[in-house]
Amino acid sequence: MEFTGVMETVGTAVDACGVAVMVVGAVIGSAGFLRRLAAREELTGSYRRYRQGLGRAILLGLEFLVAGDIIRTVAISPTYTSVGVLAVIVAVRTFLSFSLEVELEGRWPWQKRRRAQEPG
């Protein structure tokens, strides 16, 4: 098998891992949410935890998808056009990642975590 074919296969496998991470994360998160609902836990807290888990699965899956695109673009067809398309794809996915991070954590990724207010 030639180099191009191997890199195409590797890129596709990394993409498949990204999709699998998102699907497995969604299934596990949904099962946990349903379990918490059946246990009559508070709906607001359960929903927040569900969204956070799902968001984390999506973020991790996006990282795999970006890696697959980079492998295919750099290893197979490093033309100005393909690199430009890759740059747009990475920019969109980076924006999505930042948006999800703000949604999950309530802060920008470069901001420090807020400490919990101590009673007193």
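Predicted model: local features only at pLDDT ≥ 70, side-chain atom pairs only at ≥ 80, totals over all residues.

Q: Where is the place of Arg 40, and is Arg 40 buried or exposed?
A: Buried means under 20% relative accessible area, exposed means over 50%, and partly exposed lies in between (1.4 Å probe, protein chains only). Arg 40 sits in the loop between H1 and H2 and is exposed, with a relative accessible area of 76%.

Q: How many residues does helix H1 have, and what should they span?
A: The expected span of a helix is 1.5 Å times one less than its number of residues. Helix H1 covers residues 3-38, which is 36 residues and should span 52 Å; its end C-alpha atoms are 52 Å apart, which agrees.

Q: Which residues of H1 are buried, and what do they pack against?
A: The buried residues of H1 include Met 7, Val 14, Asp 15, Phe 33 and Arg 36. Glycines are also among them, including Gly 11, Gly 18 and Gly 25. The buried residues of H1 pack against helix H2 (43-76); contact means heavy atoms within 4.5 Å.

Q: What should the 26 residues of H3 span, and which H3 residues are buried?
A: H3 should span 38 Å, and its end C-alpha atoms are 37 Å apart, which agrees. Ser 82, Leu 86, Ser 97 and Leu 104 are buried in H3, and what covers them includes H2. H3 is followed by Gly 106, which has a positive phi near 75°.

Q: What does Phe 98 touch, not counting residues up to four places away in sequence?
A: Phe 98 is in helix H3 (residues 80-105) and touches Trp 108, Pro 109 and Trp 110. Phe 98 and Pro 109 are 11 residues apart in sequence and 7.2 Å apart in space, C-alpha to C-alpha. With a relative accessible area of 33%, Phe 98 is partly exposed.

Q: How many helices and strands does the protein have?
A: The secondary structure comes to 3 helices and 0 strands. The radius of gyration is 19 Å, well over the 14 Å that the globule rule gives for 120 residues, so the protein is more spread out than a compact globule. That radius is taken over C-alpha atoms, and the globule rule is 2.2 Å times the number of residues to the power 0.38. Along its principal axes the C-alpha trace spans about 65 × 35 × 20 Å.

Q: What share of the residues count as buried, and what share of contacts comes from residues 24 or more positions apart?
A: Of the 120 residues, 24% count as buried. Among contacts with a separation of 6 or more, residues 24 or more positions apart account for 68%.

Methods. Residues numbered from 1 in each chain as written. Heavy atoms only, no water. Helix = DSSP H or I, 4+ residues; strand = E, 2+ residues; numbered from the N terminus.
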